[in-house]
Amino acid sequence: IKVLQRLAAGSEKRKTEAEKRRSEVAASSAPNESVPSFLSSFNAACTDLSARMAAVGISGGDKEMGKDAATRELNQLQEQLEVLELSVASASYFLPSYDARSSLAAVAALRERARALRVKLVPRLPFRFKSRARLASKGCGGGATGRNRLASSIGASEPMSVLEV
């Protein structure tokens, strides 16, 4: 009978010590280090960004929105994606590895969707060489040749000929 009492007392002592350690860990950990709270806020932010991307995609085809408004909205979405990615990176030390990987994959998918939306709504202009006449009219060189610019930078008073170079 004494052995059973000692076993029961030891069991009770271990339970109270475990409970005490759990309460200390809960008190010492920051409230923002909770995995369920992070995942719920992350999922809400992802849903919000997806809805905003869908709204920009729908209204981006309208003429009334315009390129400037679409660019502003896409820049705001890009900034929010960066903030979301930073929050995942900072939370990765307390998140389980699966949750960290899936969160980073979700951010990558949102980033790719934003990139595709930007390409669709605000396409890049094709590259073109600028004509010298247009550059000269803007005052970007005045039509001077490379030798004459070299001569003026050296301090020569007259333009250099081919033989002098």
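Helices (H or I, at least four residues) and strands (E, at least two) are DSSP runs, numbered from the N terminus. Leucine 7, for example, lies in helix H1, which covers residues 2-28.

This is a predicted model, in which local features need pLDDT of at least 70, side-chain atom pairs count only at pLDDT 80 or more, and totals for chains, interfaces and linings use all residues. Residues are numbered from 1 along each chain as its sequence is written, and side-chain values use heavy atoms, with hydrogens and water left out.

**Overall architecture**

The chain has 6 helices and 0 strands, and its elements run α-α-α-α-α-α from the N terminus on. A contact means heavy atoms within 4.5 Å. Of the contacts in the chain between residues at least 6 apart in sequence, 74% join residues at least 24 apart. Accessible areas come from the Shrake-Rupley method with a 1.4 Å probe, and for residues only the protein chains shown count as cover. The accessible surface of the chain comes to about 12500 Å², and 59% of this belongs to carbon and sulfur atoms. A residue is called buried under 20% relative accessible area, exposed over 50%, and partly exposed in between (1.4 Å probe, protein chains only). Buried residues account for 18% of the 165 residues in the chain.

Helix H3 comprises the 26 residues 66-91. The expected span of a helix is 1.5 Å times one less than its number of residues; for H3 this gives 38 Å, and the end C-alpha atoms are 38 Å apart, which agrees. The buried residues of H3 include Glu73, Leu77 and Val88.

Val88 is also one of the residues touched by serine 103, together with Phe38, Leu39 and Phe42, not counting residues up to four places away in sequence. Serine 103 belongs to helix H4, residues 97-121. Serine 103 counts as buried because its relative accessible area is 2%.

**Salt bridges**

Side chains of opposite charge can pair when their charged atoms come close. A salt bridge is a side-chain nitrogen of Lys or Arg within 4 Å of a carboxyl oxygen of Asp or Glu. The structure holds 4 salt bridges, and the table lists some of them.

| Residue pair | N to O distance |
|---|---|
| Arginine 22 and glutamate 19 | 3.3 Å |
| Glutamate 73 and arginine 52 | 2.7 Å |
| Glutamate 112 and arginine 115 | 2.6 Å |

The side chains of glutamate 73 and arginine 52 meet in a salt bridge. This pair links distant parts of the chain, with glutamate 73 in helix H3 and arginine 52 in helix H2 (residues 35-60), 21 residues apart. Glutamate 73 is buried, and arginine 52 is buried as well, with a relative accessible area of 18%.

Arginine 22 and glutamate 19 both lie in helix H1, 3 residues apart, about one turn of the helix. Arginine 22 is exposed at 54% relative accessible area, whereas glutamate 19 is partly exposed at 46%. Glutamate 112 and arginine 115 are 3 residues apart in helix H4 and therefore separated by about one helical turn. Glutamate 112 is partly exposed at 42% relative accessibility, and arginine 115 is partly exposed at 45%.

**A nonpolar surface patch**

Patches are made of residues with over 30% relative accessible area and no salt bridge, where like charges are joined within 9 Å and nonpolar side chains (Val, Leu, Ile, Met, Phe, Trp, Tyr) within 5 Å. Val3, Leu4 and Leu7 make a nonpolar surface patch of about 320 Å². Leucine 7 counts as exposed because its relative accessibility is 56%.
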